[in-house]
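Here is a short report on one protein chain. It takes up charged pairs, aromatic rings and the overall fold in turn.

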Amino acid sequence: MVAFFAYGCGPKGGRRGGAEGDTAALSAELVQMLQPIDLADSEKVDTIDFGVVKTGEVVSRRIALSNSGRQPKIVTSTETVCGCLRLDYPKEPIAQGERRVAEMWFDSAGYTFFLPRTFYLRGTSEGDVIKTIVVVARME
């Protein structure tokens, strides 16, 4: 069942994992197969679809943060309206033509339905949104 509502996400908590240790060993071929999120294209809103998620599950998706622009891109922080989403992202600059692995986590504890959430990646300038991502899931 898919339903929409205008309230915050459910309770925080659940198992959280880190992307850095797991993703460092990914081969260049595997990184190329991940969903690309181009940080240089700030006008485009990308979507991450977690698919069907059982209530109480903590699920993750690996994505490839890329940079088609001329200047290096640095993600300094993330912002969303709920504590149910978290992104483990590279802290070092992403140069032109590079792809770096990031991992988004969704903690579905307490959910029977999920509203698409907007997730912002911020850059080095205060208030600088370098990427907007919409996160969707269908609760089971």
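## Charged pairs

Asp88 counts as buried, at 14% relative accessibility. Buried means under 20% relative accessible area, exposed means over 50%, and partly exposed lies in between (1.4 Å probe, protein chains only). This is a predicted model, in which local features need pLDDT of at least 70, side-chain atom pairs count only at pLDDT 80 or more, and totals for chains, interfaces and linings use all residues. Residues are numbered from 1 along each chain as its sequence is written, and side-chain values use heavy atoms, with hydrogens and water left out.

Asp88 has a salt-bridge partner, Arg86. Arg86 is partly exposed, at 24% relative accessibility. A salt bridge here is a side-chain nitrogen of Lys or Arg within 4 Å of a carboxyl oxygen of Asp or Glu. Side chains of opposite charge can pair when their charged atoms come close. The whole structure holds eight salt bridges. The table lists three of them.

| Salt bridge | N to O distance |
|---|---|
| Arg86 and Asp88 | 2.3 Å |
| Arg100 and Glu92 | 2.8 Å |
| Arg100 and Glu98 | 3.3 Å |

Arg100 pairs with Glu92 and also with Glu98. Glu92 is partly exposed, with 39% relative accessibility. Glu98 is partly exposed too, with 28%.

## Aromatic rings

There are four aromatic pairs in the structure. Rings of Phe, Tyr and Trp (its six-membered ring) pair if their centres lie within 6.5 Å; planes under 30 degrees apart count as stacked, over 60 as edge-to-face and the rest as tilted. Phe50 and Phe106 make a tilted pair, with 5.9 Å between centres and 50 degrees between planes. Phe50 sits in strand 2 (residues 45-53) and Phe106 in strand 6 (residues 99-107), so this pair ties together parts 56 residues apart in sequence. Both Phe50 and Phe106 are buried.

Phe106 also pairs with Phe114. Their ring centres are 4.7 Å apart and their planes stand at 55 degrees, so this pair is tilted. Phe114 is buried, as is Phe106. Phe50, Phe106, Tyr111 and Phe114 belong to one aromatic cluster.

Two rings carry a charge over the face. Lys91 lies over Tyr89, at 3.9 Å from the ring centre. Arg117 lies over Phe114, at 6.0 Å from the ring centre. The criterion is NZ of Lys or CZ of Arg within 6 Å of the ring centre and within 35 degrees of the ring normal.

## Ser66 and its contacts

Ser66 belongs to strand 3 (residues 58-66). Ser66 is buried, with a relative accessible area of 10%. Leaving aside residues up to four places away in sequence, Ser66 touches Ile37, Asp38, Leu39, Ala40, Ile94, Glu98 and Arg99. Contact means heavy atoms within 4.5 Å. Glu98, one of these residues, is also the salt-bridge partner of Arg100 noted above.

## The chain as a whole

The chain has two helices and eight strands. Their order from the N terminus is α-α-β-β-β-β-β-β-β-β. Helices (H or I, at least four residues) and strands (E, at least two) are DSSP runs, numbered from the N terminus.

Of the 140 residues in the chain, 40% are buried. Among contacts between residues at least 6 apart in sequence, 73% join residues at least 24 apart. The chain exposes about 7,500 Å², with carbon and sulfur atoms supplying 51% of it. Accessible areas come from the Shrake-Rupley method with a 1.4 Å probe; for residues, only the protein chains shown count as cover.
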